[in-house]
Amino acid sequence: MGIQTMTDPASWPQESASLAEYGEDCVKQWNNVSLRYRMPLRGFFSKRVKDAAEVEDLTQEVFLHLIRRARGGPIEHVEQYVFQVAANTLRDWGRRRRARNQDAHESFDAEMHQPVTDISPERVLLGKEEIKRVNAVLRGLPERTRDVFVLRALEKKKYAEIAVMMGISVRAIEKHMAKALAQLGSVVDKAGEQD
């Protein structure tokens with residue numbers, strides 16, 4: 001039995017809930033998971049990260065990971081999984097920060113950096129078809145939602161920057177991004193079912 005909207009915390013599933021208990025389709029599931037876990041994740045990250053923009057980015061990374069993971073099957077015990085992913089995301093973020101601070105430059109090795117040339121025509125065709133599906137979804141999004149997605153995912157802008165650029169709140173930016181990701185996730189899920 002799916003939950004339509006979960007604005008009341010009393011209606012949220014308990015910690016042993018599966019992803020299916022957050023809604024009857026993937027769009028509702030992701031919207032409800034976002035509503036349920038966005039603030040707790042922000043709290044988790046803000047205790048450990050000083051930059052508010054980084055907190056937003058880390059929170060979004062958790063949701064991106066969840067969408068990718070859900071393609072592999074249902075997620076059981078969503079709450080435990082969300083916070084395990086959050087801990088791993090934080091650890092990876094720390095590693096990336098340490099690596100950026102070190103001057104670990106590798107020289108170019110032509111042999112090692114050869115492009116892969118054994119891509120089959122079938123693989124190229126499948127890739128083109130998936131790109132067409134993603135483009136169709138992006139074109140079908142409301143203009144503002146599409147702009148938010150492009151600025152964040154392709155131009156790597158931070159939520160705070162996008163909010164200033166568009167003249168809306170960071171929370172509104174998050175909602176647009178969640179909507180775009182849910183729509184793209186549903187297309188990817190359908191493509192995975194066809195494989």
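**Reading cavities, pockets and helix packing**

Analyst: In this predicted model, helix 1 provides the largest share of the lining of the largest cavity, 5 residues.

User: Which residues line the largest cavity, and which helices each supply at least two residues of the lining?

Analyst: The lining consists of Trp30, Asn31, Val33, Ser34, Arg38, Gln60, Phe63, Ile67, Ala178, Leu181 and Ala182. At least two of the lining residues come from each of helix 1 (26–46), helix 2 (52–70) and helix 7 (170–194). By class, 7 residues of this lining are nonpolar, 3 are polar and 1 is charged.

User: Helix 1 and helix 2 both contribute to that lining. How is the packing of two helices described, and at what angle do helix 1 and helix 2 pack?

Analyst: Two packed helices are described by the angle between their axes and the distance between the axes. For helix 1 and helix 2, the angle is about 140° and the axes lie 9 Å apart. Helix 1 is therefore oblique to helix 2. Their crossing is right-handed.

User: Which residues of helix 1 and helix 2 meet?

Analyst: On the helix 1 side are Trp30, Val33, Ser34, Tyr37, Arg38, Leu41, Arg42, Phe45 and Ser46. Their partners in helix 2 are Val55, Glu56, Leu58, Thr59, Gln60, Val62, Phe63, Leu66, Ile67 and Ala70. This contact has 12 nonpolar, 4 polar and 3 charged residues. Trp30 and Phe63, among others, belong both to this contact and to the lining of the largest cavity.

User: What is the volume of the largest pocket, and which residues lie nearest its centre?

Analyst: The largest pocket has a volume of about 600 Å³. Of the 24 residues that line the pocket, Leu64, Arg68, Ala153, Lys156 and Met177 lie nearest its centre. Helix 2, helix 3 (78–101), helix 4 (121–140), helix 5 (143–154) and helix 7 each give at least two residues to the lining, and the largest share, 7 residues, is that of helix 2. The lining comprises 12 nonpolar, 2 polar and 10 charged residues.

User: Helix 5 also packs with helix 6. Is their crossing right-handed or left-handed, and which residues make the contact?

Analyst: Helix 5 and helix 6 (residues 159–166) pack at about 140°, with axes 10 Å apart, and are therefore oblique to each other. The crossing is right-handed. Helix 5 contributes Arg144, Asp147, Val148, Leu151 and Arg152 to the contact, and helix 6 contributes Tyr159, Ile162, Met165 and Met166. These contact residues divide into 6 nonpolar, no polar and 3 charged.

Notes. Residues are numbered from 1 along each chain as its sequence is written. This is a predicted model: local features need pLDDT of at least 70, side-chain atom pairs count only at pLDDT 80 or more; totals for chains, interfaces and linings use all residues. Side-chain values use heavy atoms; hydrogens and water are left out. On a 1 Å grid over the protein atoms alone, a cavity is a set of points where a 1.4 Å probe fits but cannot get out, and a pocket is an open set with protein on both sides within 12 Å along at least five of seven lines; lining residues have an atom within 4 Å of a point. Helices (H or I, at least four residues) and strands (E, at least two) are DSSP runs, numbered from the N terminus. Ala, Val, Leu, Ile, Met, Phe, Trp, Tyr, Cys and Pro count as nonpolar, Asp, Glu, Lys and Arg as charged, and the others, Gly among them, as polar. Axes are lines fitted to C-alpha atoms, for helices over the stretch in contact, and angles run from 0 to 180 degrees between N-to-C directions. Angles under 35 degrees count as roughly parallel, over 145 as roughly antiparallel, 65 to 115 as roughly perpendicular and the rest as oblique. A crossing is left-handed if the near helix is turned anticlockwise from the far one by less than a right angle, and right-handed if clockwise. Contact means heavy atoms within 4.5 Å. Grid points are joined across faces, edges and corners, and a volume is the space filled by probe spheres set on the points.
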